[in-house]
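Student: I should like to work through this model step by step. Could we proceed by question and answer?

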Amino acid sequence: MLRTQAGTTKPLKPLALPAPVPADHEEHFHTLITPDLNPSEVFADYRIYTQILTDYFLAIPFTGTLAAPFERVATIQQVAPYLDKTRGCSLTSPFSPLYGIYKTEGFKGLFIGNVMGFIVDAVLKSADAILDETFFEYLGPGYSFVAANFLARLISYPILTFRRRMQVKTDPEEDRSVRGTIRETLHNRGFIGLWDGFFWRILADSLQLGIQYGVMRLILGYSPDLSKAKRNELFALGVSICAASAIILPVRTIVKVQQVANEPFFLQDLFKYFTVRNLFTNGLAASVLSSFNSVIG
């Protein structure tokens, strides 16, 4: 017998149960990537991409501009022994070089290469997000992140090389334009030379993530209360950034030297130009200050 509404002979409609959620959707936030997308879901998927790109393009200029002066100081201090620019230049203090740049190059000199930095971060983070979405369907969580991260850095690395070479030009008479820097770099290093130091950078980024994660776990592990751990999270992040920046500073220095060198720089030549103290102290304070843009962002 059919169930009917009270006082009528009209049968009740069967309850519409929600479709089961696939298992892979529970493991990952990419809920819109399915084999059978309808038009509305496709539109929603593109809205996610648009939101990702908009967030990055709004956040990157602000945080990158704040960090740009310290990042330029850190780069100059780190490569100064190789470029023989140590005379009259503080290699540890982040503030006296800032004043020196302002005095000789003006306020604009503090932000040399900032536009290239914006392009690097925009390409890196946008490519990372979009490639992660693309690879997830084929590789699954974890592997898709690693593959996307590697390819995004590979794509953006030449732009970072141009930026570093712009930053180390301290003579106002030098051509520090984007076009001039690209032309000079290609002339001196060739196309393949744009990726010199790339694998050292992958090593540095991997070490930084691992050290930051380990230090944060170490600090927050002493806070079994979740609410207390949440309050300490920002402090733990700051300490982890300082620790990671100090430990991997020599690797970052190798990357930057290979980027700004006009001829191949080999690891066996490292101690011809640097002492152990140089590698662990030159540009340390400025590097730490510039790294905090990730906290702001």
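Student: Which residues of α9 are buried?

Tutor: In this predicted model, helix α9 covers residues 249-260. The helix is mostly covered, with 11 of its 12 residues buried. Those buried residues are Leu249, Pro250, Val251, Thr253, Ile254, Val255, Lys256, Val257, Gln258, Gln259 and Val260.

Student: How far apart are the end C-alpha atoms of helix α9, and what span should its 12 residues have?

Tutor: The expected span of a helix is 1.5 Å times one less than its number of residues. For the 12 residues of α9 this should give 16 Å.

Student: How many residues does the second, separate core have?

Tutor: Nonpolar side chains tend to be buried together in soluble globular proteins. Among the members of the second core are Val168, Val260, Phe265 and Phe274. This core is separate, and its number of residues is 11.

Student: Which residues does valine 120 touch, not counting residues up to four places away in sequence?

Tutor: Valine 120 is one of the residues of the largest nonpolar core. Contact here means heavy atoms within 4.5 Å. On that basis, with residues up to four places away not counted, valine 120 touches Ser156, Ile159 and Leu160.

Student: Which helix gives the most to the nonpolar patch on the surface?

Tutor: The patch is formed by Phe150, Leu151, Ile155 and Phe199, which together have about 380 Å² of accessible area. Isoleucine 155 has its place in helix α5. With 3 residues, the helix that gives the most to the patch is α5 (residues 143-167).

Student: Is arginine 201 buried or exposed?

Tutor: Arginine 201 is found in helix α7. Apart from neighbours within four places in sequence, arginine 201 is in contact with Leu124, Arg153, Ser156, Tyr157, Leu160, Arg252 and Val255. Its relative accessible area is 12%. Buried means under 20%, so arginine 201 is buried.

Student: Which residues are linked with Arg201 in a network of salt bridges?

Tutor: The count of salt bridges comes to 10. Arg201 belongs to a network of such bridges. The residues linked with Arg201 there are Arg153, Asp205 and Arg252.

Student: How many residues apart are glutamate 71 and arginine 163?

Tutor: These two form a salt bridge, with their closest N and O atoms 3.1 Å apart. Glutamate 71 is buried at a relative accessible area of 16%, and arginine 163 also counts as buried, at 5%. The pair links distant parts of the chain, with glutamate 71 in helix α2 (residues 39-83) and arginine 163 in helix α5. Their separation is 92 residues.

Student: Where do glutamate 184 and lysine 169 lie?

Tutor: The two are joined by a salt bridge whose closest N and O atoms are 2.6 Å apart. Glutamate 184 is partly exposed, with a relative accessible area of 29%, whereas lysine 169 counts as buried at 7%. The pair ties together parts that are 15 residues apart in sequence, because glutamate 184 lies in helix α6 (residues 178-189) and lysine 169 in the loop between α5 and α6.

Student: How far apart are the closest N and O atoms of aspartate 196 and arginine 189?

Tutor: Aspartate 196 counts as partly exposed, at 24% relative accessibility. Arginine 189 is buried, with a relative accessible area of 14%. The two form a salt bridge, and the closest N and O atoms are separated by 1.9 Å.

Student: What is the distance between the C-alpha atoms of threonine 281 and serine 93?

Tutor: Threonine 281 lies in helix α11 (residues 276-281) and is partly exposed, with a relative accessible area of 27%. Leaving aside neighbours within four places, threonine 281 is in contact with Leu91, Thr92 and Leu249. Threonine 281 and serine 93 are 188 residues apart along the chain, and their C-alpha atoms are separated by 9.8 Å.

Note on methods. Residues are numbered from 1 along each chain as its sequence is written. This is a predicted model: local features need pLDDT of at least 70, side-chain atom pairs count only at pLDDT 80 or more; totals for chains, interfaces and linings use all residues. Side-chain values use heavy atoms; hydrogens and water are left out. Patches are made of residues with over 30% relative accessible area and no salt bridge: like charges are joined within 9 Å, nonpolar side chains (Val, Leu, Ile, Met, Phe, Trp, Tyr) within 5 Å. Accessible areas come from the Shrake-Rupley method with a 1.4 Å probe; for residues, only the protein chains shown count as cover. A salt bridge is a side-chain nitrogen of Lys or Arg within 4 Å of a carboxyl oxygen of Asp or Glu. Helices (H or I, at least four residues) and strands (E, at least two) are DSSP runs, numbered from the N terminus. Buried means under 20% relative accessible area, exposed over 50%, partly exposed in between (1.4 Å probe, protein chains only). A nonpolar core is a set of buried Ala, Val, Leu, Ile, Met, Phe, Trp, Tyr and Cys residues joined through side-chain atoms within 4.5 Å.
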